[in-house]
Amino acid sequence: MKTLPKVSVITTTYNDAANLGRIMDQVAGQDYENLEYIIVDGGSTDGTMELIHRMEKRMPGRVRFLSEPDQGIYDALNKGIALAAGDIIGCCFDRYADTGVISRMVEAMETEGTDGVHGDLYYMDGERIVRRWHQGQGNIRSGWLPGHPTLYLRRKVYEQYGVYRTDYRIAADYEFMVRILYKRKVRLSYLPEILIYMSHGGTSTNSLGAYMQSLKEGHRALVENQVPFAWVTDFCRIVRVLWQFIPGTGHDKRMSK
């Protein structure tokens with residue numbers, strides 16, 4: 001019987017014990033067996049370490065952690081990638097749609113022989129959907145990009161193309177995705193279903209100023225990765241984002257779970 005690839009799930013945190021406990025429950029609840037959990041803490045003083053030690057007992061032999069000051073979320077993610085022993089690496093900061101999300105992601109990658117996988121997500125305000133991310137497949141120049149919280153990649157992608165650039169304050173995830181996906185360097189599987197329910201108001205969306213900074217850094221990412229006519233891509237990206245706020249039809253029954 002073929003051994004399932006090991007998946008490393010990374011959570012970064014800093015003085016956010018209330019949310020960390022909820023996220024830990026999400027990871028521990030996944031039915032994928034060959035999974036390790038990496039927790040990178042920025043040196044919290046709010047009881048985070050107690051939660052981590054509790055998680056070690058809950059997932060014996062499958063939890064690795066680091067607690068020390070860092071230079072922000074992207075530096076912390078890079079530390080998590082360095083700690084990870086998995087063949088596939090992803091992150092968890094929010095809520096999986098159900099307990100089988102990681103299993104289906106791995107199955108898609110293994111069946112299609114791809115370098116990674118992504119799917120759809122909803123941005124949530126409590127239980128209210130405020131933004132629907134249904135990007136499907138596409139190309140960077142058209143303003144398309146995967147929903148980063150749904151993006152799981154094989155380790156070799158990081159080894160070949162590098163990790164997150166810490167000189168980007170808000171849009172290092174966008175720069176990273178442009179770097180690996182422009183000219184289709186990395187092949188992704190796509191699961192046309194909601195994989196993640198993400199809390200609205202992250203680093204790049206918590207204010208108009210932050211959003212404008214994200215767009216500015218996004219343009220820089222396109223230029224530095226030699227994407228031609230970057231302003232056209234900027235425009236297409238903005239249109240795609242605005243489209244995500246238009247209420248869709250139908251109801252995702254998993255919202256009630």
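Accessible areas here come from the Shrake-Rupley method with a 1.4 Å probe, and for residues only the protein chains shown count as cover. By that method the protein exposes about 12,500 Å², and carbon and sulfur atoms supply 54% of this area. This is a predicted model, in which local features need pLDDT of at least 70 and side-chain atom pairs count only at pLDDT 80 or more, while totals for chains, interfaces and linings use all residues. Residues are numbered from 1 along each chain as its sequence is written, and side-chain values use heavy atoms, with hydrogens and water left out.

**Figure 1. The whole fold, before we zoom in.** The secondary structure comes to eight helices and nine strands; helices (H or I, at least four residues) and strands (E, at least two) are DSSP runs numbered from the N terminus. The C-alpha atoms fill a box of roughly 50 × 40 × 40 Å along the principal axes. The radius of gyration, taken over C-alpha atoms, can be set against a globule rule of 2.2 Å times the number of residues to the power 0.38. For 257 residues a compact globule would have a value near 18 Å, and the protein agrees, with 18 Å. Buried residues make up 52% of the 257, where buried means under 20% relative accessible area, exposed means over 50%, and partly exposed lies in between (1.4 Å probe, protein chains only). Contact means heavy atoms within 4.5 Å; among contacts between residues at least 6 apart in sequence, 77% join residues at least 24 apart. As for charge, there are 32 positive and 31 negative side chains, with the centres of the two sets 5 Å apart. In that count Lys and Arg are positive and Asp and Glu negative, with His and the chain ends not counted, and each charge is placed at NZ of Lys, CZ of Arg, CG of Asp or CD of Glu.

**Figure 2. Helix α6, a mostly covered helix.** This helix spans residues 172-181, and nine of its 10 residues are buried. Among them are Tyr 174, Phe 176 and Met 177, along with the charged residues Glu 175 and Arg 179. After α6 comes Lys 183, whose phi is positive, near 65°.

**Figure 3. Aromatic rings around Tyr 158 and Phe 176.** The structure holds five aromatic pairs. Tyr 158 and Phe 176 form a stacked pair, 5.4 Å centre to centre with 10° between the planes. The two residues sit 18 apart in the chain, Tyr 158 in helix α5 (residues 155-161) and Phe 176 in helix α6. Both Tyr 158 and Phe 176 are buried. Ring pairs also link Tyr 74, Tyr 158, Tyr 164 and Phe 176 into a cluster. Here rings of Phe, Tyr and Trp (its six-membered ring) pair if their centres lie within 6.5 Å; planes under 30 degrees apart count as stacked, over 60 as edge-to-face and the rest as tilted.

**Figure 4. Val 40 and its surroundings.** Val 40 belongs to strand β2 and is buried, with a relative accessible area of 1%. Leaving aside neighbours within four places in sequence, Val 40 is in contact with Thr 11, Thr 12, Thr 13, Leu 66, Ala 76, Lys 79 and Gly 80. For a sense of scale, Val 40 and Arg 132 are 92 residues apart in sequence and 29 Å apart in space, C-alpha to C-alpha.

**Figure 5. Loops on either side of α1.** Asn 15 lies in the loop between β1 (7-13) and α1, and has a positive phi of about 45° although it is not a glycine. Most residues other than glycine have a negative phi. With a relative accessible area of 33%, Asn 15 is partly exposed. Gly 29 is found in the loop between α1 (17-28) and β2 (35-41), and at 32% relative accessibility Gly 29 also counts as partly exposed. From Gly 29 to Ile 170 the C-alpha distance is 30 Å, across 141 residues of sequence.

**Figure 6. The loop between α7 and α8.** Phe 229 is placed in this loop, between α7 (208-224) and α8 (230-243). Phe 229 has a positive phi of about 50° although it is not a glycine, and is exposed, with a relative accessible area of 58%. Gln 226 is found in the loop between α7 and α8 too, and is exposed with a relative accessible area of 67%. Gln 226 and Glu 36 are 190 residues apart in sequence and 36 Å apart in space, C-alpha to C-alpha.
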